[in-house]
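My entries follow, one topic at a time.

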Amino acid sequence: MMATAILTQFPHARLTLFDLTTEMIDACRSRLDGSARITYHVGDFRTDDFGDGYDVLLASLSLHHLAVPERPAFYKRAFRSLAPGGHLITAEVIVDESPVVRERQYELWRRYMIAQGEDGNAWYQKHLAKDHPVEIATLVTMLSEAGFSAVGCLWRYLNFAIVSGYRAAV
Ligand SMILES: C[S@@+](CC[C@H](N)C(=O)[O-])C[C@H]1O[C@@H](n2cnc3c(N)ncnc32)[C@H](O)[C@@H]1O
């Protein structure tokens, strides 16, 4: 779990964990063993205040739930929530630039889900209905327009990518 790794590697770090569902926050609470360095917050990142002054904002496989038109306003809020010099690091579900490769990736994913005993087609339909992934270039443009500096892709594999940018210290 990312929070565990951060708590271990950065002994002075304090974390705010934010998610829409009490189920997810309760699952984190039960795995993180009551560390006094963690604040838990159930809320909607589209509308609720998620605080400010952060050195790092980590988003893990969650921002693809934002509709594309909602992203620019969210990124501006994310930018303002960082302390000068602070970084946004976001692990994203993305779509490939090529529609052909995109289809191949979805096919791999469907087969993977079926191999796990899941209904791959049902998950695919749910993904199409509820998720709004974009291309890396769109993310880079939106984050740059929101004010982030040095925006780029740190890592990419199939339809997953980690993108980062930072709030320049003025
Ligand atoms: C695929 S899960 C990832 C969970 C966790 N971040 C991880 O990496 O294991 C997506 C998460 O995004 C959360 N989420 C979706 N929409 C949200 C919103 N508007 N505000 C806050 N969290 C949201 C869901 O509740 C869910 O826990």
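**Entry 1: α3 and α6.** I took each axis as a line fitted to C-alpha atoms over the stretch in contact, with angles from 0 to 180 degrees between N-to-C directions. The model is predicted. I looked up helix α3, residues 71–81, and helix α6, residues 136–145. Their axes come within 9 Å and cross at roughly 50°. That makes α3 oblique to α6. I noted the handedness of the crossing of α3 and α6 as right-handed.

Which residues meet there? From α3 I listed Arg71, Pro72 and Tyr75; from α6 I listed Leu139, Met142 and Leu143. By class, the contact of α3 with α6 holds 5 nonpolar residues, no polar ones and 1 charged one.

**Entry 2: the buried side of α6.** I stayed with α6 and checked burial. Ile136, Leu139, Met142 and Leu143 are buried in α6. They cover an arc of only 130° around the axis, so they sit on the same side of α6. I recalled the general rule: an α-helix has 3.6 residues a turn, so residues three or four places apart point the same way.

What do the buried residues of α6 pack against? I found α3, β4 (82–93), β5 (149–157) and β6 (160–166). After α6 comes Gly147, with a positive phi near 115°.

**Entry 3: Phe79.** I went back to α3, where Phe79 is found. Is Phe79 buried or exposed? Its relative accessibility is 17%, and Phe79 therefore counts as buried, since the cut-off for buried is under 20%. I then listed its contacts, leaving out residues up to four places away in sequence. Phe79 touches Ala146, Gly147, Phe148, Tyr166 and Arg167. Gly147 is on that list, and it is the residue with positive phi that follows α6.

I also looked up a pair distance. Phe79 and Phe160 are 81 residues apart in sequence. From C-alpha to C-alpha, Phe79 and Phe160 lie 22 Å apart in space.

**Entry 4: the two sides of α2.** I moved to helix α2, residues 22–32. Ile25, Cys28 and Leu32 are buried there. Seen down the axis of α2, the buried residues fall within an arc of 60°, so they line one face of the helix. On the other side of α2 I found Glu23, Ser30 and Arg31 exposed.

The buried residues of α2 pack against α1 (2–9), β1 (15–19) and β2 (38–42). Asp33 follows α2, and its phi is positive, near 60°.

Which residues of α4 meet α5? I wrote down Glu103, Tyr106, Trp109, Arg110, Met113 and Ile114. Across from them, α5 brings Gly120, Asn121, Trp123, Tyr124 and His127. I sorted the contact of α4 with α5 by class: 6 nonpolar, 3 polar and 2 charged residues.

Entry 5: Leu61 is not a glycine, yet its phi is positive, about 50°. I placed Leu61 in the loop between β3 (54–60) and α3. Its relative accessibility is 41%, so Leu61 counts as partly exposed.

Where does Ala150 sit? I found it in strand β5. Ala150 is exposed, with a relative accessible area of 62%.

**Entry 6: Ser62.** Is Ser62 buried or exposed? At 17% relative accessibility, Ser62 counts as buried. I listed its contacts, again not counting residues up to four places away in sequence: Ser62 touches Phe45 and Ala91.

Methods: Residues are numbered from 1 along each chain as its sequence is written. This is a predicted model: local features need pLDDT of at least 70, side-chain atom pairs count only at pLDDT 80 or more; totals for chains, interfaces and linings use all residues. Side-chain values use heavy atoms; hydrogens and water are left out. Helices (H or I, at least four residues) and strands (E, at least two) are DSSP runs, numbered from the N terminus. Angles under 35 degrees count as roughly parallel, over 145 as roughly antiparallel, 65 to 115 as roughly perpendicular and the rest as oblique. A crossing is left-handed if the near helix is turned anticlockwise from the far one by less than a right angle, and right-handed if clockwise. Contact means heavy atoms within 4.5 Å. Ala, Val, Leu, Ile, Met, Phe, Trp, Tyr, Cys and Pro count as nonpolar, Asp, Glu, Lys and Arg as charged, and the others, Gly among them, as polar. Buried means under 20% relative accessible area, exposed over 50%, partly exposed in between (1.4 Å probe, protein chains only). The arc is that of the directions from the helix axis to the C-beta atoms.
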